[in-house]
Amino acid sequence: MKKIEAIIKPFKLDEVKDALNEMGIKGMTISEVKGYGRQKGHKEIYRGAEYIVDFIPKVKIEIIVEAAMVDAVVTKIRETANTGKIGDGKIFVLPVEEVIRVRTGETGKEAI
Amino acid sequence: MDTGDTAFMLIATAMVMLMTPGLALFYGGMVRSKNVLSTVLQSFVCLGVVSIIWVVYGYSLAFGPDVNGLIGNLDWAGLAGVGLEPGKYSATIPHLLFCAFQLMFAVITPALITGTFAERVKFPAFLLFTVLWSTLVYLPVCHWVWGGGWVSGHGGLDFAGGTVIHINSGAAALVAALMFGKRKGWGKESFHPHNLTMTMLGAGILWFGWFGFNAGSALAANGVAVNAFFTTQVATGAALLSWLIAEWLVQGKPTTLGAASGAIAGLVAITPGAGFVGPTSAILIGLVAGALCYFAVLAKSRLGYDDALDVVGVHGVGGLWGALATGLFATTAVNAAGKDGLFFGNPQLLGIQAMDAFTTIAYSVVVTFIILKFVDLVIGLRVSKEEEEQGLDLTQHSEIGYSL
């Protein structure tokens with residue numbers, strides 16, 4: 001089992017969610033996050049006063065899938081979240097040791 | 001005594017009173033949410049502090065019998081002799097009503113200055129500053145212009161207080177901005193206004209109250225009052241649009257804050273000329289005021305002083321423009337008691353207007369500097385860095401504006 005963490009542009013969340021649902025992904029956790037990568041922060045001006053925006057708002061999606069699904073999910077996220085512009089985000093794939101469903105106590109593949 | 005005039009002036013006085021809470025909302029919306037209450041309170045408290053000063057010695061020093069053209073004496077301290085019969089300044093309304101009307105002007109002037117040191121002033125320092133500034137700057141300048149002092153003698157025009165209130169507070173605000181220094185995070189953090197709906201409501205209340213301020217300055221329900229009412233409306237509308245268009249062209253977007261600020265710039269600019277210029281001139285005065293004050297606000301960032309809520313750009317620059325514009329556009333066709341300006345064949349008035357304005361600026365700058373040095377010495381002007389970070393609401397008043 002693997003965990004896929006995708007950090008994407010907030011306005012792409014709906015498209016990515018719908019695309020993953022169509023693939024049969026049954027659940028996900030999302031959070032509003034802020035950060036920067038190569039896009040870096042930038043200066044903005046309001047009423048003549050400059051200020052620096054260091055951290056840019058993003059959405060983080062967390063999904064647990066079977067190892068065999070990873071490539072397909074990553075490809076799907078890449079396709080849907082891609083705008084071709086800097087700041088589209090990153091995808092991380094991490095190993096997961098165990099998954100337990102709280103209600104029934106099922107573990108592993110069944111609990112995803 | 002005229003009951004019509006008295007009824008009108010009672011209402012005008014109440015409208016000017018409402019401007020101070022209006023200003024509180026206007027300023028309160030422009031700061032960050034952690035400082036909303038402290039900002040609102042600083043305006044509101046002036047209603048208390050200045051009312052007491054006014055009765056004890058303020059009205060007497062401003063309007064009492066003249067001493068060498070510089071200040072009133074203390075004959076009217078405690079409002080002795082200021083009664084319900086018409087007085088020296090008002091033939092048709094009770095003297096006490098004139099005193100009340102003038103009180104509301106004295107209240108809002110130090111409240112205007114609070115915008116410059118918002119988000120970093122110690123509350124006790126603000127209080128001491130307000131008492132000293134009202135006493136040592138407002139009262140003398142008010143006397144010079146309206147109380148029979150040296151300015152009123154040489155023929156400058158200031159219908160409703162462009163010099164006494166706006167140039168005066170704008171000049172003080174510039175000194176204060178320099179002496180307080182920049183807010184923590186200036187040039188790096190965003191100081192976006194936290195509630196522009198509140199600011200817009202405040203601007204609307206100020207606009208409404210300003211009809212009392214300008215039309216009421218006729219001191220009678222007459223044609224001059226109607227003229228002042230009308231010029232106030234159209235100059236303000238013109239300035240609102242002109243600021244909005246200027247920033248649209250420069251920044252690419254019109255803003256809510258720009259519309260509110262433009263309206264205030266127009267109100268400020270028409271104040272000295274409201275009863276002396278016609279409606280078309282008022283539109284021109286407003287159009288210039290909106291764009292001019294917008295560029296004055298932009299210049300602040302380049303010049304590097306942190307006048308938090310743009311008291312200098314709007315009241316100082318707008319007030320100065322209004323004083324000079326009165327020297328350009330005034331006409332005796334509107335008000336026989338006024339004078340003709342440059343565009344109506346009398347170039348001298350412009351020079352007098354400029355001299356009065358710059359004298360007020362010089363006096364206000366010097367005395368405000370001395371007062372702030374003194375306050376810094378005995379109390380200290382600014383809160384600590386840590387308190388500034390937490391916000392003044394919590395650290396100065398143990399309250400928060402919003403618990404959601």
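G35(A) stands opposite I56(A) in strand β5(A), where strands (E, at least two residues) and helices (H or I, at least four residues) are DSSP runs numbered from the N terminus. This is a predicted model, in which local features need pLDDT of at least 70 and side-chain atom pairs count only at pLDDT 80 or more, while totals for chains, interfaces and linings use all residues. Residues are numbered from 1 along each chain as its sequence is written, and chains are lettered from A in the order in which they are written.

**Sheet in chain A**
- β2(A) and β5(A) (residues 56–65) pair in the antiparallel sense over seven bridges; pairing takes at least two DSSP bridges.
- The open, antiparallel sheet has four strands in the order β2-β5-β1-β6.
- At its edges, β2 (29–35) and β6 (89–95) of chain A each pair on one side only.
- Helix α2 (residues 70–81) of chain A packs on the sheet, touching β1 (2–8), β5 and β6 of chain A; contact means C-beta atoms, placed from the backbone, within 7 Å.

**Nonpolar cores**
- The largest nonpolar core has 144 residues, and L206(B) and A239(B) are among those with the most contacts inside it.
- Such a core is a set of buried Ala, Val, Leu, Ile, Met, Phe, Trp, Tyr and Cys residues joined through C-beta atoms within 7 Å, buried meaning 20 or more other C-beta atoms within 10 Å.
- Helix α3 (residues 95–113) of chain B gives the most to this core, with 14 residues.

**Contact between the chains**
- Chain B brings 11 residues and chain A seven residues.
- Helix α10 (residues 279–303) gives the most to chain B's side, with four residues.

Notes: Two residues are in contact if their C-beta atoms, placed from the backbone, lie within 7 Å. Axes are lines fitted to C-alpha atoms, for helices over the stretch in contact, and angles run from 0 to 180 degrees between N-to-C directions. A residue is buried if 20 or more other C-beta atoms lie within 10 Å of its own, exposed if 12 or fewer, and partly exposed in between; C-beta atoms are placed from the backbone.
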